[in-house]
Amino acid sequence: MPPVSRIRLLIEERNAAVPCRYQEANDTTGNARLFPLLRLVTQAQFVSQTHGKNSVPLRALLDTGAWITAIETQTWQEYDREGFIEHHPLMNPQFAFIGGNSTMYRLGRVWLRLFDLLPGQINWLPTVPVICQLLENKECRLSAPILLGLHLGVLEGRRLTREPIPPLTTPIPLNRSSDVGAWYGQEWYLESA
Amino acid sequence: MSEPVTTESPELPGFDCNASAELQELLNQLPLRAIAAFKLRCEKRREPLQRLKQLQLEMFAVGVTGYNSSAMNGKPATPGLLTVADRARDEEIAASSDLKNLLNLKLGKSGELGEPIRWNDPRLGSLWPDGTSECYAKVERARQELEDKLKQLSNPNEPNEDAELHPQIGEWRKLEEMFTEGKLNEYRGEFIIWANGEVFGHGRKLLSVRLQAEKMAEARGISPDQLINYFVSGE
């Protein structure tokens with residue numbers, strides 16, 4: 001099964017620790033409204049360039065606000081142990097501030113393949129090299145252990161599109177929190193340009 | 001300004017004869033570039049319908065029951081989805097608004113090239129001035145359903161090569177299903193280390209959890225190669 005040129009990304013609705021409720025200024029009913037906590041996610045597989053054994057895909061979060069891809073400490077350490085990470089020594093120490101914590105980081109390169117899991121079928125985009133920040137402070141927690149960033153990663157040479165669609169008006173089924181784009185009037189795709 | 005380049009009456013793009021007289025009169029007053037922008041806006045409004053027809057053709061071509069060859073004649077294979085009268089009415093309202101807006105912009109005289117204008121110039125307003133046509137909203141929903149159905153069709157000519165991607169891809173699928181069904185909610189925001197339908201460890205700190213899980217698994221005669229790291233999304 002060859003790679004495809006386009007995969008669908010997922011919109012995940014998460015449970016916020018403190019849900020964001022608000023009132024419309026001109027709503028006289030006083031009803032509270034809730035901002036859904038939506039995240040754009042995909043399935044990423046670490047592909048080995050040396051030993052030929054790939055990882056099981058993992059849910060990774062796509063965040064174009066992150067300048068490059070970042071991986072939490074114990075996540076990259078495990079994939080390093082499994083031989084998936086090439087280290088790129090930095091010329092001087094580098095710091096990042098994440099979630100209220102500062103952390104030193106290393107730079108590394110991994111090879112990632114993104115998946116779209118469908119019933120009876122799996123689509124994937126060709127494997128690409130991804131430069132990533134390997135965070136050193138174990139207390140630094142990202143929105144997901146792997147945050148796919150804007151530059152030097154899975155978006156290189158690709159087109160990220162958001163297609164507006166008429167939102168479904170039915171309640172979101174309980175078992176669809178991992179793929180709710182249709183209820184929020186949007187579909188996201190990543191495709192080879 | 002521009003010189004006259006044609007004297008032919010511009011062709012009104014596919015409207016009902018009764019309604020088209022008024023529109024035709026407005027269209028005749030526009031310069032050529034404005035006519036092109038108008039025609040493009042008419043095409044843009046019809047794009048969802050075109051896409052729906054393509055999808056219906058594809059459904060017929062791949063042998064999905066319920067789709068017949070009428071799609072090959074350019075007709076939507078779902079009668080009742082929208083009637084010609086409803087569609088024509090909505091399109092004419094939008095077209096009339098476009099023509100009036102274009103005339104108000106005074107882009108030039110009939111038969112001249114006229115000032116350049118983009119089809120999506122904000123001064124022309126939205127494609128559907130009264131909000132998206134209900135007919136086209138239905139078309140859009142039908143399009144969405146067909147896109148989903150097509151995505152879910154496996155290709156019968158392709159072997160199942162899941163195993164080539166990873167030996168444990170079947171287990172991963174099972175975990176994905178469980179996650180989607182909310183059966184892994186207690187592990188939200190954590191990794192679980194999984195093999196043979198059992199959780200061998202869980203936590204956010206993957207390396208520590210994994211090492212512990214490998215020990216547990218080995219004690220039970222399960223090779224570390226069989227353990228899957230699965231991240232359960234969540235805050």
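Student: How many salt bridges does the rule find across the interface of chain B and chain A?

Tutor: The model is a predicted one, and the values discussed here are computed from it. A pair counts when a side-chain nitrogen of Lys or Arg lies within 4 Å of a carboxyl oxygen of Asp or Glu. For the interface of chain B and chain A, the number of salt bridges found is six.

Student: Which element of chain B gives the most residues to the side that touches chain A?

Tutor: Several elements of chain B supply at least two residues each to that side: helices H4 (134-152), H5 (162-165), H6 (169-180) and H7 (206-219), together with strand E3 (228-232). With eight residues, the element that gives the most is H4(B).

Student: How many charged residues are on the side of chain B that touches chain A?

Tutor: In the contact between the chains, 42 residues of chain B meet 50 residues of chain A. The residues on the chain B side include 13 nonpolar and eleven polar ones. The charged residues there number 18.

Student: What area do chain B and chain A bury between them?

Tutor: Polar contacts are found across this interface in 13 residue pairs, both residues being at pLDDT 80 or more. Carbon and sulfur atoms account for 53% of the buried area. The area that the two chains bury between them is about 4,100 Å².

Student: Turning to chain A, is Thr42(A) buried or exposed?

Tutor: Thr42(A) is placed in strand E4 of chain A, which covers residues 37-46. Beyond four places in sequence, Thr42(A) touches Ile7(A), Leu9(A), Leu58(A), Arg59(A), Ala60(A), Leu114(A), Phe115(A) and Leu148(A). The cut-off for burial is under 20% relative accessible area. Because its relative accessibility is 3%, Thr42(A) counts as buried.

Student: Which residues have the most contacts inside the largest nonpolar core?

Tutor: The largest nonpolar core has 58 residues. Leu148(A), one of the residues asked for, is in contact with Thr42(A), Leu112(A) and Val154(A), among others. The residues with the most contacts inside this core are Phe46(A), Leu112(A), Leu148(A) and Val154(A).

Student: What share of the residues of chain A count as buried?

Tutor: The secondary structure of chain A consists of one helix and 14 strands. Among its contacts between residues at least 6 apart in sequence, 68% join residues at least 24 apart. Of the 193 residues of chain A, the share that counts as buried is 48%.

Technical notes:
Residues numbered from 1 in each chain as written. Chains lettered and ligands numbered in written order. Predicted model: local features only at pLDDT ≥ 70, side-chain atom pairs only at ≥ 80, totals over all residues. Heavy atoms only, no water. Helix = DSSP H or I, 4+ residues; strand = E, 2+ residues; numbered from the N terminus. Buried < 20%, exposed > 50% of the residue type's maximum accessible area, 1.4 Å probe, protein only. Contact = heavy atoms within 4.5 Å. Buried area = accessible area lost by both parts, 1.4 Å probe. Polar contact = N/O pair within 3.5 Å; in protein donor to acceptor, adjacent residues only side chain to side chain. Nonpolar A, V, L, I, M, F, W, Y, C, P; charged D, E, K, R; others polar. Core = buried A, V, L, I, M, F, W, Y, C linked by side-chain atoms within 4.5 Å.
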